[in-house]
Amino acid sequence: MPSPHDRETASATEADRRPAAASTLRTLPAVHRLLAHPAVQEAARGAGAAWAAESARRVLDEERRRRLEGAPPRALDQLAAATAARVAAVARPSLRRVINATGVVLHTNLGRAPLPAEAVASVAEVAGAYSTLEYDLATGGRGSRLDHVRSLLRRVTGAEDALVVNNNAAAVYLVLAVLAAGREVVVSRGQLVEIGGSFRIPEILAASGARLVEVGTTNKTRLADYEAAIGPETALLLRVHTSNYRIVGFTASVPLEDLVALGRRHGLPVVDDVGSGLLFPPPAGPGRPLAGEPSVQASLAAGADLVTFSGDKLLGGPQAGIIVGRAELVARLRRHPLMRALRCDKLVLAALEATLRLYLDPAEAYRRVPVLAMLSRSPDELARVARRLAARLRRALGPRARVTVAPGDSQAGGGSLPEVPWPTTLVGLTVPGVAVADLAAALRQGEPPVIGRIHDDVLWLDPRTLLPGDDRELVRAAARAVDRLTDAARGDPAPAAP
Ligand SMILES: *Cc1c(COP(=O)(O)O)cnc(C)c1O
């Protein structure tokens with residue numbers, strides 16, 4: 001608000017400006033001219049004419065306001081670029097590929113396991129076509145969607161039978177709802193886990209209609225504790241792998257073999273939720289710490305009646321929940337009406353079948369399943385990749401950025417092996433005069449988005465989780481991000497508020 005003594009000056013300026021503003025409004029292009037501009041035409045191709053027209057009107061409204069306030073008029077090309085940007089924002093997918101430079105192999109927020117190339121090809125083949133999802137080519141009659149993975153799962157795990165649902169939470173839920181609703185399930189207090197913030201054993205049990213009978217204490221549970229809890233209402237004994245934490249120190253837990261023997265004596269099934277779905281123990285080499293995860297085969301060999309696990313953790317396939325074990329129990333699960341609600345679709349089955357096929361040769365699986373290959377990369381190889389990435393970044397960014405190389409640790413993630421450090425070599429990035437959070441944001445908002453880790457005011461990039469070809473794209477994305485940041489730092493200061 002001008003004060004009374006400068007009213008005269010103020011109104012003189014406004015009087016000068018108004019006719020000028022009105023005349024620049026006359027040069028404002030019409031909506032149809034903006035829509036005919038090649039940049040807008042190009043952007044509108046994926047977004048539809050209605051949205052393009054709406055975007056053009058919004059940009060022109062804004063331009064009208066700016067001109068009335070005395071801002072210099074923007075040329076048609078600039079207005080078209082603003083319109084195209086608006087249109088493109090809608091056309092751009094929300095679920096996008098990112099470059100994972102965090103070093104967390106099974107990053108739940110970044111979609112857990114990247115699929116093997118064979119699985120991607122298989123999905124592409126059935127996705128846009130008809131398929132044998134529930135069709136038997138031999139008889140011309142109806143088939144079962146589960147058959148595509150059933151025999152592979154039997155062969156690979158050695159189990160009598162197998163079933164696949166949407167995820168492991170659904171697998172545990174189905175087992176409990178079908179085998180234990182209205183009855184009791186005995187679980188050690190040391191295994192009442194929460195995984196990923198929303199999967200909690202006591203809650204999934206309650207939802208299934210089964211009653212939880214907790215035995216032992218957080219750190220110690222003995223066979224006698226289980227034995228004392230068994231009664232006429234007991235439906236099954238449940239063991240849950242404490243995937244994302246370890247109880248160390250003064251501890252005792254019951255080996256699966258002993259739990260199985262107890263179950264047999266009382267005629268009760270033993271269900272083992274192993275979570276991560278490691279099928280085969282790792283070969284000697286840098287992937288050896290994976291041996292710390294319970295394998296599905298070991299669980300079956302110990303005599304578990306049913307074993308449940310995820311498809312997209314260490315198995316390295318699509319999101320799925322897999323149940324393997326005794327044929328008569330699996331048959332009860334398969335026949336239950338809940339199965340229809342929890343079944344998975346053809347894309348998942350295509351990806352899972354192709355992934356499981358790689359496991360017919362376990363050594364091959366450790367080379368071709370990306371999560372297993374990433375966890376098997378040697379520290380020497382990672383150091384070489386890190387040094388090469390650092391050299392490329394230095395060449396691309398020049399003196400504007402500082403690029404360092406330092407030893408560090410990756411993580412398996414996905415609640416697997418939380419206490420195991422996976423030695424790696426990290427590439428550190430800083431841009432003088434730019435806050436590290438702004439640098440991380442610029443990389444996140446680039447194309448493709450690059451996600452790293454911030455530690456000690458440095459943005460760290462871990463080569464372990466880079467997929468083939470990611471490094472070149474990462475360097476280009478980093479160069480563009482640093483361009484934007486240093487342009488912004490050099491650019492004119494924002495106009496002061498009136
Ligand atoms: C991860 C995990 C689950 C949940 O599996 P989802 O596939 O994420 O549903 C259940 N139990 C255990 C032991 C797990 O590790």
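## Basis of the description

The structure is a predicted model, in which local features need pLDDT of at least 70 and side-chain atom pairs count only at pLDDT 80 or more, while totals for chains, interfaces and linings use all residues. Residues are numbered from 1 along each chain as its sequence is written.

## Domains

The domain assignment, whose bounds come from an automatic or database source, gives domain 1 (29-91), domain 2 (99-106 + 375-490) and domain 3 (117-368). The centres of domain 2 and domain 3, taken over C-alpha atoms, are separated by 35 Å. The contact takes 13 residues from domain 2 and 18 residues from domain 3, where two residues are in contact if their C-beta atoms, placed from the backbone, lie within 7 Å.

By class, the side of domain 2 that touches domain 3 has six nonpolar, five polar and two charged residues. In this division Ala, Val, Leu, Ile, Met, Phe, Trp, Tyr, Cys and Pro count as nonpolar, Asp, Glu, Lys and Arg as charged, and the others, Gly among them, as polar.

## Nonpolar cores

A nonpolar core is a set of buried Ala, Val, Leu, Ile, Met, Phe, Trp, Tyr and Cys residues joined through C-beta atoms within 7 Å; a residue is buried if 20 or more other C-beta atoms, placed from the backbone, lie within 10 Å of its own, exposed if 12 or fewer, and partly exposed in between. The largest such core has 85 residues, and those with the most contacts inside it are Val 175 and Ile 323. Its largest share, ten residues, comes from helix α8, helices (H or I, at least four residues) and strands (E, at least two) being DSSP runs numbered from the N terminus. Domain 2 and domain 3 both give residues to this core, so it lies between them.

Leaving aside residues up to four places away in sequence, Ile 323 touches Ala 162, Leu 163, Ala 171, Val 175, Leu 306, Thr 308, Val 330 and Leu 333. A second, separate core of 27 residues includes Leu 393, Ala 442, Ala 477 and Leu 485.

## Helix α19

In helix α19 (residues 436-444), the residues Leu 439, Ala 442 and Leu 443 are buried. Seen down the axis of α19, its buried residues fall within an arc of 95°, so they line one face of the helix; the arc is that of the directions from the helix axis to the C-beta atoms. The elements that cover these buried residues include β15 (422-430), β16 (450-451), β18 (458-461) and α20 (470-490).

## Around the ligand

The ligand is surrounded by 16 residues, of which the closest are Asn 168, Ala 169, Ser 243, Gly 275 and Ser 310; a residue is near a molecule if its C-beta atom, placed from the backbone, lies within 6 Å of it. Helix α8 (168-180) and strand β11 (270-275) each supply at least two residues of this shell, and the largest share, three residues, comes from α8. The shell divides into five nonpolar, ten polar and one charged.

Most residues other than glycine have a negative phi, and most peptide bonds are trans. A cis peptide bond, with omega about -5°, joins Glu 447 and Pro 448, and Pro 448 is placed in the loop between α19 and β16.

Arg 112, in the loop between β2 (104-106) and α6 (117-127), has a positive phi of about 50° although it is not a glycine. Asp 456, in the loop between β17 (453-455) and β18, has a positive phi near 55°. Arg 112 counts as buried, with 20 C-beta neighbours inside 10 Å, whereas Asp 456 has 8 and counts as exposed.
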